Structures are given as C-alpha cells and as structure tokens.
Amino acid sequence: MTMSFQALNIAILTVSDTRTIENDKSGDYLETAVLQAGHHVLSRQICIDDRYQIRSLVSQWITDAQISVILITGGTGFYERDVTPEAVSVLFDKFIDGFGEVFRAISLSEIGMATIQSRALAGIANHTGIFCLPGSTNACKTAWEKILKNQLDATTKPCNFVEHFYKQ
C-alpha cells in the first residue's frame, strides 16, 4: 500500500526567558520549514524556562485532538534554567530514544564534541509526537532537514512517524 503525503497539524513552542515573537529566529525557521513541507502550524507560542508552565502548555496541546506534533526549541542544555527535558519527558507514553541519539550523531560532524551537551529528546504522548530541540537556529535546521522533514512525511520508506500520530 502506497501512502500519500498527509499534512500534519503542528504546534511550535520556543522555551526562552529572553526571546519574543519578534526575535525568535529558531521559531521562525521551524514555522517556515513546517509550512514549506506542506504541514499546518496550528499554534506558535513562547514560554519562559519554567518546567510547570512548559508542562502545562504541552499538556494542553497533547489533549488537543487537532494537534499531531509538537516541536519545542530551547531549554535542552545544561544551564540551571534549562528544564525542557524534565518538564516534558514525564508526559511521554513512549520515548523515541533514537531521535536524540541520531541528532547528536549528526551534530558531531557539525559542532564537534559540543554535541554531548545537547539533551535533545523525543517521545509520544496521546498519539502526539513531541520533539525537543536545542534553541539554536542551526540545531533546528539540523533536526528538521536531516531527521524530522522525512520522518513527518508519510511517503518516507521504509518507515516514518506519521501513522503513530493519529488520535483515536
């Protein structure tokens, strides 16, 4: 059975204490890339580095039957305020362990051993894909171009994530 492209509804969250919608280059990049790939952006927000505010917003999106994927940029480093993994991972029904592993493997050739400081991760909660990316625009480009663009396309063979992101 050949699958055809299926546009997904995606929410984008930038986690930052300093960015605004006017200077959020990583969020801008992700929104443009998502739209160029043929998907829809249903929501785009900025949230401060606060585990409970992040968790609350992501929880709302997880329960929204319209949203299939959540892309989060920022808060994945080692600084004290970087709490995205702690905020979001407790919500996962399943971890997508390979996402972080592959992201760091690809990043190794781009930024060297600095990639070891990335806590990029992904999981599925209530049939919603959640992908936590570093805050740099280049890291978002790497994740989108080399992993997500194809994995969020139902025509990618031998497998992709699309069939896992349908809410019953």
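This is a predicted model: local features need pLDDT of at least 70, side-chain atom pairs count only at pLDDT 80 or more; totals for chains, interfaces and linings use all residues.

Reader: Got it. What does D17 form a salt bridge with?
Author: With R81, and the closest N and O atoms are 2.9 Å apart. D17 sits in the loop between β1 and α1, R81 in the loop between β3 and α3, so this pair ties together parts that are 64 residues apart in sequence.

Reader: And R81, buried or partly exposed?
Author: Partly exposed, because its relative accessible area is 42%.

Reader: Why would such side chains pair up at all?
Author: In general, side chains of opposite charge can pair when their charged atoms come close.

Reader: How many salt bridges does the count come to?
Author: The count is seven salt bridges. Another one is formed by R44 and D24, with their closest N and O atoms 3.0 Å apart. R44 belongs to strand β2 and D24 to the loop between β1 and α1, so the pair ties together parts 20 residues apart in sequence.

Reader: Are R44 and D24 buried or exposed?
Author: Both R44 and D24 are buried.

Reader: What about K146, which side chain does it meet in a salt bridge?
Author: That would be E110, at 2.9 Å from N to O. K146 is in helix α5 and E110 in helix α4, so to speak two distant parts of the chain, 36 residues apart, that the pair links. As for E110, a relative accessible area of 37% makes this residue partly exposed.

Reader: Which residues do salt bridges with shared partners join into one network?
Author: R19, D24, D28, E31 and R44 are joined that way.

Reader: Switching topic: what's the strand order in the sheet?
Author: The order is β2-β1-β3-β6-β5-β4, an open sheet of six strands with mixed pairing. At the edges are β2 (40–47) and β4 (94–95), each of which pairs on one side only.

Reader: How many bridges join β1 to β3, and how do they run?
Author: Five bridges join strand β1 (residues 9–15) to strand β3 (residues 69–73), and the two run parallel. If you want a spot to look at, T14 stands opposite T73 in β3.

Reader: Nice. And between β3 and β6?
Author: Five bridges again, with β3 and β6 running parallel. One place to check is I70, whose bridge partner in β6 is I130.

Reader: How many residues of β3 are buried?
Author: Five of its five residues are buried. Both faces are covered: V69, L71 and T73 are buried on one side, and I70 and I72 on the other.

Reader: Last one: where does helix α4 lie?
Author: Helix α4 (residues 97–111) lies across β4, β5 (121–125) and β6 (128–133), and runs at about 30° to β6. Helix α5 (residues 137–151) also packs on the sheet, where it touches β3 and β6, and its direction makes about 140° with that of β6.

Definitions and conventions. Residues are numbered from 1 along each chain as its sequence is written. Side-chain values use heavy atoms; hydrogens and water are left out. Two strands pair if DSSP finds at least two bridges between them. Helices (H or I, at least four residues) and strands (E, at least two) are DSSP runs, numbered from the N terminus. Contact means heavy atoms within 4.5 Å. Axes are lines fitted to C-alpha atoms, for helices over the stretch in contact, and angles run from 0 to 180 degrees between N-to-C directions. A salt bridge is a side-chain nitrogen of Lys or Arg within 4 Å of a carboxyl oxygen of Asp or Glu. Buried means under 20% relative accessible area, exposed over 50%, partly exposed in between (1.4 Å probe, protein chains only).
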